[in-house]
Amino acid sequence: MRKLIAVVLAVALIATIGGVALAQSPIEPAEVNIVLPPGSIATVEKKVEIGAETTDVWWESEGDTANLDVALDPAGYDDVTGPTTLSFTETIEVVSWGGVPLYATVTFYYGEQGVSETVIGTQEISVTEGYLDIKPGSYPNSINLGSNGVVPVAILGSASFDATTVDPLTVELAGASVRVKGKSGNAGSLEDVNDDGFTDLVVHVYTKQLDLQPGDTEAELTGETYSGLPFRGSDSVRIVQPK
Ligand SMILES: [Ca+2]
Ligand SMILES: [Ca+2]
């Protein structure tokens, strides 16, 4: 079983550079959920819009840095001329669980560093804890790539993560989609698979669609909540060779 973390990045600032009004959310994605075990790293491709101006653009991160490490690459851009969109690769690492949720704020600036700086926008990051379990209740999570069947995956609810908010139709495991039930169009079921009092979402993905190779040890899960917050996560797998 692996930890599941929901990271919400919210941006709600409007900035103007060189007289050009930027989009309502100059920083994309505006909201993201990340699912990953402590000690591992999630990456998010992030885009920052700037207006018609030659300027430096950089970022600063603050928050619960003892437990949550947030950094972006590159550290900044020098003398860029807009309007343009700048790309950053954001890495979010849970160093340890110092109580949940964990918080961080990333602020983007333009201007000349140390001389004049104006805020482009901020991200508010909050991390809540939940759990993900491929083949709930069993370990190792053996997968026979030659199987015509399905693999069950449980997104486990907790005090800080409501698994019933996940839209099962959006869930994919290693590129494999969720089995939809007959004419109903429903997918997944809500049940308490680990008997901890919190409702869990169980889906089944098609084994044939799994983008996994012999030797792979992890499978990534992606999906969205009903409100459109994307999330991702991973759990260990053991690939069994087809006979
Ligand atoms: Ca398992
Ligand atoms: Ca449960």
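Strands here are DSSP runs of E with at least two residues, and helices are runs of H or I with at least four, numbered from the N terminus. The structure is a predicted model, in which local features need pLDDT of at least 70, side-chain atom pairs count only at pLDDT 80 or more, and totals for chains, interfaces and linings use all residues. Residues are numbered from 1 along each chain as its sequence is written, while chains are lettered from A and ligands numbered from 1 in the order in which they are written.

As for the overall make-up, the chain has zero helices and 22 strands. Of its 243 residues, 35% count as buried; that label takes 20 or more other C-beta atoms within 10 Å of a residue's own, against 12 or fewer for exposed and anything in between for partly exposed, with C-beta atoms placed from the backbone. Contacts are pairs of residues whose C-beta atoms, placed from the backbone, lie within 7 Å. Among contacts with a separation of 6 or more, 70% link residues 24 or more positions apart.

Next come the cores. A nonpolar core is a set of buried Ala, Val, Leu, Ile, Met, Phe, Trp, Tyr and Cys residues joined through C-beta atoms within 7 Å. The largest has 25 residues, and Val-153, Ile-155, Leu-173 and Val-205 have the most contacts inside it. At least two residues each come from strands S11 (116–134), S13 (150–156), S14 (166–173), S19 (200–206) and S20 (218–225), with S13 giving the largest share, five residues. A second, separate core of 18 residues includes Val-57, Trp-59, Tyr-110 and Ile-125.

Another cis peptide bond, with omega of about -5 degrees, joins Gly-82 and Pro-83, and Pro-83 lies in the loop between strand S8 (76–81) and strand S9 (84–94). Asp-79, in strand S8, has a positive phi of about 50 degrees although it is not a glycine. Asp-79 counts as exposed because it has 9 C-beta neighbours inside 10 Å.

The mean pLDDT (the predictor's confidence in each residue, from 0 to 100) is 77, and 75% of residues reach 70 or more. Over residues 1–27 the pLDDT is below 50, and it also stays under 50 over residues 29–38. Where pLDDT is low, the predicted coordinates should not be read in detail.

Conventions
Contact = placed C-beta atoms within 7 Å.
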